[in-house]
Amino acid sequence: MKLTVQTFLTLDGVMQAPGGTEEDPSGEFTHGGWQAPFPDPDVGEFVTELNSHASAFVFGRRTFDIFRGHWPDYTDPNDPIATAINTRPKYVASTTLGVADARWRGEHPDTAHLLSGDVVAAVRALKDEPGDELQIWGSGNLLETLLQHDLVDRFRLMTFPLTLGSGRRLFNHGLRPATMRPVDLSVTDLGVVLATYEPAGPVQHGQM
């Protein structure tokens, strides 16, 4: 499977708590719910399409709890996003959850699994399994670790036209310099940039 990143971003790269004020207030973040004023149907269609490629999901503990608290309540079989998230395998990387605690709510409790031990090795092993995509949503701490080990195969970035000046960012200090190859790019009527990138090797240097 390819490991793909899907995330909502601000222009200054913040990915923290797009969905609600209480979603993730860590680090005294006060801008939770910044995505809500942009009810963009094109973003919804984009998310629906990319979820159709998910063979499995991998989450950090916080994002797992957010998803587990929300999606099991949506059981309409005609909802492709809820169906994908609720029925396909989910792997959570956590040092505080026990195996018995890493269960999904609702009709599919055994679709969730705990990744223990070396998370990098565990994700590499998941990538070796058959399937289309192993998708990661949110999960900033886990994602930072995976980026440091060059494990991400594709980025789908939904960048909204606002800046916040604080909050957890997608790309932080300490990551390896890398170039990206644009695969697809479009802009919605509300100004959200929908961009897909794939890693394209190390940064080259020259003189202008």
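**View A. Helix H2 gives the most to the lining of the largest pocket, with six residues.** This is a predicted model, in which local features need pLDDT of at least 70, side-chain atom pairs count only at pLDDT 80 or more, and totals for chains, interfaces and linings use all residues. Residues are numbered from 1 along each chain as its sequence is written, and side-chain values use heavy atoms, with hydrogens and water left out. Helices (H or I, at least four residues) and strands (E, at least two) are DSSP runs, numbered from the N terminus. The largest pocket holds about 1100 Å³, a volume being the space filled by probe spheres set on grid points joined across faces, edges and corners. A pocket here is an open set of points on a 1 Å grid over the protein atoms alone, where a 1.4 Å probe fits, with protein on both sides within 12 Å along at least five of seven lines; lining residues have an atom within 4 Å of a point. Look for Pro18, Glu23, Thr63, Phe67 and Gly138, the closest to the centre of the largest pocket among its 43 lining residues. Besides H2, the elements giving two or more residues to this lining are strand S1 (2-10), helix H1 (41-51), helix H3 (80-87) and helix H5 (140-148). By class, 18 of the lining residues are nonpolar, 19 polar and six charged (Ala, Val, Leu, Ile, Met, Phe, Trp, Tyr, Cys and Pro count as nonpolar, Asp, Glu, Lys and Arg as charged, the others, Gly among them, as polar).

**View B. Eight strands make an open sheet with mixed pairing.** Reading across, you get S4-S3-S2-S5-S1-S6-S8-S7, where strands pair if DSSP finds at least two bridges between them. S4 (112-115) and S7 (180-187) are the edge strands with a single partner each, so one side of each has no neighbour in the sheet. From one strand to the next, the twist averages 25°.

**View C. S2 (residues 54-60) and S3 (residues 90-93) run parallel, paired over four bridges.** Find Gly60: its bridge partner in S3 is Ala93. Helix H2 (residues 61-70) packs on the sheet, touching S2, S3, S4 and S5 (133-137); contact means heavy atoms within 4.5 Å. The direction of H2 makes about 120° with that of S2 (axes are lines fitted to C-alpha atoms, for helices over the stretch in contact, with angles from 0 to 180 degrees between N-to-C directions).

**View D. The second largest pocket has about 260 Å³ of space.** Of its 14 lining residues, Leu147, Asp150, Arg176, Ala178 and Met180 are the closest to its centre. The lining splits into 11 nonpolar, one polar and two charged residues.

**View E. Leu175 sits in the loop between S6 (154-160) and S7.** Skipping neighbours within four places in sequence, Leu175 is in contact with Glu144, Leu147 and Gln148.
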